[in-house]
Amino acid sequence: MKRKLTPKQQRFADEYIESGKKEESAIKAGYKSRSAHSIATENLQKPAIKSYIDERMAEIASKRIMDATEAVELLTSIARGETKETVYIGTADGVYEKHKEADLKTRISATKEILKRYPGDDKLVKAQISKAEADVRIATAKARIVEHQADELEGAGRINPLLSALAKGAQRLVSEEEEDDANTTK
């Protein structure tokens with residue numbers, strides 16, 4: 001059975017949690033300044049007050065520190081592309097802020113981190129990771145093919161504006177993937 005604190009003891013404990021100064025906390029709680037030091041020392045030794053302070057400190061710590069569930073929820077949000085990253089782009093007209101979802105490599109990395117936390121069939125996990133990495137390689141290869149086809153058509157004078165735009169987009173995708181590859185190998 002927990003012993004309930006008096007209002008004065010609770011004020012003392014709350015002040016002590018906030019400031020960490022026992023004598024000052026006793027005075028703010030309403031104890032006389034001439035006996036504040038001895039009362040504070042005595043209060044900090046009482047099991048009920050000590051228990052209350054420990055419980056409150058644990059609550060405060062749990063709110064400040066990310067727990068495992070919160071970490072996995074964040075990783076899941078990244079892996080699903082729900083968490084947006086803020087990117088600042090400088091142009092001749094000024095600086096623009098853009099919100100974009102994580103690229104495929106970041107999403108795969110988040111997925112790997114999630115899967116590490118769930119032990120199980122390693123072969124299945126490795127197969128899923130390999131499939132995701134293969135999907136990235138396939139997308140890069142397809143972009144290169146479109147770019148090559150556009151180059152051939154442009155050389156023959158038969159390129160149309162839509163294909164030209166597709167080729168430029170594919171070229172940008174390939175460049176980003178190569179840049180990401182270079183960054184991850186560093």
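Two strands pair if DSSP finds at least two bridges between them. Strands (E, at least two residues) and helices (H or I, at least four) are DSSP runs, numbered from the N terminus. The views below show a predicted model, where local features need pLDDT of at least 70, side-chain atom pairs count only at pLDDT 80 or more, and totals for chains, interfaces and linings use all residues. Residues are numbered from 1 along each chain as its sequence is written, and side-chain values use heavy atoms, leaving out hydrogens and water.

**View 1. Strands S1 and S2 form a hairpin.** Two residues sit between the strands S1 and S2. S1 covers residues 84-91 and S2 covers residues 94-101. They run antiparallel, joined by eight bridges. Find Lys-84: opposite stands Glu-101 in S2.

**View 2. Helix H1 packs with helix H2.** H1 spans residues 7-19 and H2 residues 22-29. Their axes (lines fitted to C-alpha atoms over the stretch in contact) lie 8 Å apart, at an angle of about 140°. Angles run from 0 to 180 degrees between N-to-C directions. Under 35 degrees counts as roughly parallel, over 145 as roughly antiparallel, 65 to 115 as roughly perpendicular and the rest as oblique. H1 and H2 are therefore oblique to each other.

**View 3. Phe-12 and Tyr-16 both lie in helix H1.** They are four residues apart, about one turn of the helix. The structure holds one aromatic pair (Phe, Tyr or Trp rings, using the six-membered ring of Trp, with centres within 6.5 Å; planes under 30 degrees apart are stacked, over 60 edge-to-face, the rest tilted). The ring centres of Phe-12 and Tyr-16 are 6.1 Å apart and their planes lie at 20°, so the pair is stacked.
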